Amino acid sequence: MVSNFKKALESGKFVVTCEIAPPKGTNLEKMRHHIELLKDKVDATNITDHQSSVMRFPSLGGALLVKECGGEPILQMTCRDRNRLALQADLLFAYSRGINNVLCLTGDSVIFGDHKEAKGVFDLDSSQLIMAIRKMEKGKDLGGNDLDGELEFCAGAIVTPEANPLEPQLIKFEKKIDAGAEFIQTQAVYDLDNFKKFMDYAREFPVKILAGIILLTSAPMARFMNKNVAGVNVPQNLIDEMASAPKGKAIEKGIEIAGRMIRRIRQERMCDGVHIMAIGREELVPDIMSAAGLL
Amino acid sequence: MIRSITQKKSDEEIDHLLEGLDRIFIIGCGTCATLTHTGGLAEVEAMGENLSGKGKLVTGEMVLPVACDNMAADILREWSEKMNQADALLIMSCAFGVQSIAQQTSKMVVPALDTLFIGKQTGAGQFDEICTQCGTCILGETGGICPVTSCHKGLVNGPCGGTNNGKCEIDNNKDCAWTLIYNRLKDLGRLDSMRKLQAPRNHQREPSPGKYILPF
Ligand code: SF4
Ligand code: SF4
C-alpha cells in the first residue's frame, strides 16, 4: 500500500515534515503531546533513532505511537546499533504495524553519546540499508531467502549540502538514489543562495528533496553549531540578527528567521518541501509554520 | 614494517594485577615496544625501580629481541633460574609477545601494556592503523586506501555526513578516509569505482579466530 507521505510527495504540494525525539525513559506524555499537537499540521513526523548516540525509547516505539495517535510517521533507522539481521527484522515489524516510511541513516559515532564504550555496529551503511529495503520489497532478504508476506516502504535518506569537501558527499547522494531513495531530507541549510546552487544540481535526480530547517534559539547556539556540527554553516548576518534580538526574545527571532527562510524556499520553488527540526522545542513548530504562512 | 602499537596500563591497574604476587620478573621487547617507548630497556628499568619502591622483589629483568618470535624460547631458558624465583612474569611487550611467552613457560604472565592496534610508522613518532585484516580486501577499488580501517565506521560506499573539512567527525587529528580516497581516485581518473554501489560486506570470510594451515 502506498504510504500517505508518499502520496503527499507525489501530489506536487509543498511538503512539510518535522521531527520528534523519543524520551529518555518510559514517560511518553511529552512525546504524545507533541504528536497530538503536530500530527494534523505536517505531512509526516520523523521519529529520531537514539540521536547523537544517546540511548532513548526506540524510534520504532515512537513511530508506533504516532500511528496510534493517527499521524504519519517516518521511522528513522541508523546502522550504528543493529546488524543486518536486526535491521531487517525491525523493518518487517514496522511494516506489519502500518509504519511504511523509513529514513535510512548511517548514524553518529557512539563516542558522541552517553554510552561511549559501546561497540558501533555499521554492518550496513545507509545506502546498503536502502538496498535491503528494495530487495525485501521484491520478496527476498539480504541473505537471498524468501520472505513470506509483502511489504512496501517509502524510503529516504539524508544529504549535507554544505559538506566540506562537497564532491564525495554528492557521490554518496547519487548512490543513495541509485539504491532506491525516493526522498531526501537535508542537513540544516541557512545560506539559501548556496542551497539554490545545490538544488540546481540535485533537481536533475528522480528524488524529492526537503530542505532541513533547524530553529535557531540564540546567537551562541548558532555559533556552537558552526563550531561543532559538521556541515552546518550559519552565516554571520543571521548570527548578528539573532544577537540583535531584545533580551528574552531570541526564540521569536529564530522563529521569524525560520519562517522567512521557508517562505522564500516555497515562493521560489527551490525544492519539494521542508523538514523542520525544532530540537527540544517541538511545540514551536506550529509557530514556525505560521510565520512561514503555512498554517 | 608492521608495528604493534602499545600503551602502558595505568599504575593502578598494574598494582591490581600484581596483588599478592611479590616476586616479579620483568620482560621487555626490543622491537615494537622499544620503538614506541613502552617496553624497551629504559622502560623495563623504570618499571623495576617502581616495583621495588612498592616493596616487590624484582628477581630479574631483561629485554627479548623479538618477544613474539618463537626463538625467544631459547633466550628465556637461559634466564630460567631467575624466572623460576618469581611469582609472575610482568611483560612489557604487545599482547602477541605476552601470549608467545605464556606458551613457552609455565609461569603466570601479566601484561603491563595495552595493545592498541597493529599499525605502521607513517612519520616521525607517528603510527597509523591502516589494515585490520578483514579477509575481503577492497583496496583495488579505493585507490589503495582502506576504508574498512581508516574510516571510523568502516563505510565502503562513501563518506558519512560527519566529514569536517576533510577530517573525521570523531577527531580533528584523524583524516576522513573518504576525503583521502576521493582525492586519490580523482587523481587517478578512477572516480567511477567510488560511484559503484558496494554490497554489504562479508564479515565471515575467515570466521574468527583466524587459522590457516599450509596445504602441503
Ligand atoms: S580492505 Fe582494508 S582491512 Fe581489509 S584486507 Fe584490505 S586493507 Fe586490510
Ligand atoms: S567522517 Fe569520514 S572517516 Fe569519519 S566516519 Fe565519516 S566517513 Fe568515516
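These notes go through the conventions, the ligands, the cavities and then the helix.

**Conventions.** I am working on a predicted model, where local features need pLDDT of at least 70, side-chain atom pairs count only at pLDDT 80 or more, and totals for chains, interfaces and linings use all residues. Residues are numbered from 1 along each chain as its sequence is written, chains are lettered from A and ligands numbered from 1 in the order in which they are written, and side-chain values use heavy atoms, with hydrogens and water left out.

**Ligand 1.** I listed the residues near it (a heavy atom within 4 Å). Around ligand 1 I found B:Cys131, B:Thr132, B:Gln133, B:Cys134, B:Cys137, B:Ile138, B:Leu139, B:Cys146 and B:Thr149. I sorted by class: Ala, Val, Leu, Ile, Met, Phe, Trp, Tyr, Cys and Pro are nonpolar, Asp, Glu, Lys and Arg charged, and the others, Gly among them, polar. This shell has six nonpolar, three polar and no charged residues.

**Ligand 2.** The shell of ligand 2 includes B:Cys151, B:His152, B:Cys160, B:Cys168, B:Cys176 and B:Trp178. It splits into seven nonpolar, three polar and two charged residues.

**Cavities.** I used a 1 Å grid over the protein atoms alone; a cavity is a set of points where a 1.4 Å probe fits but cannot get out, and lining residues have an atom within 4 Å of a point. Volume is the space filled by probe spheres set on the points, which are joined across faces, edges and corners. I count three cavities of 30 Å³ or more.

Where does ligand 2 sit? Ligand 2 is in the largest cavity, by the test that more than half of its atoms lie within 2 Å of the grid points. That cavity holds about 100 Å³ of space. It has 17 lining residues, with B:Cys151, B:His152, B:Cys160, B:Cys168 and B:Cys176 nearest its centre. The lining divides into eight nonpolar, five polar and four charged.

The second largest cavity holds about 60 Å³. Its lining includes A:Phe122, A:Asp125, B:Lys153 and B:Arg201. I get four nonpolar, three polar and four charged residues there.

**Helix H6 of chain A.** Helices are DSSP runs (H or I, at least four residues), numbered from the N terminus. H6(A) covers residues 167-179. I find 10 of the 13 residues buried, meaning under 20% relative accessible area with a 1.4 Å probe, protein chains only. Among them are A:Leu170, A:Phe173 and A:Lys176. Just after H6(A), A:Gly180 has a positive phi of about 125 degrees.

Terms used
On a 1 Å grid over the protein atoms alone, a cavity is a set of points where a 1.4 Å probe fits but cannot get out, and a pocket is an open set with protein on both sides within 12 Å along at least five of seven lines; lining residues have an atom within 4 Å of a point. Helices (H or I, at least four residues) and strands (E, at least two) are DSSP runs, numbered from the N terminus. The expected span of a helix is 1.5 Å times one less than its number of residues. Buried means under 20% relative accessible area, exposed over 50%, partly exposed in between (1.4 Å probe, protein chains only).
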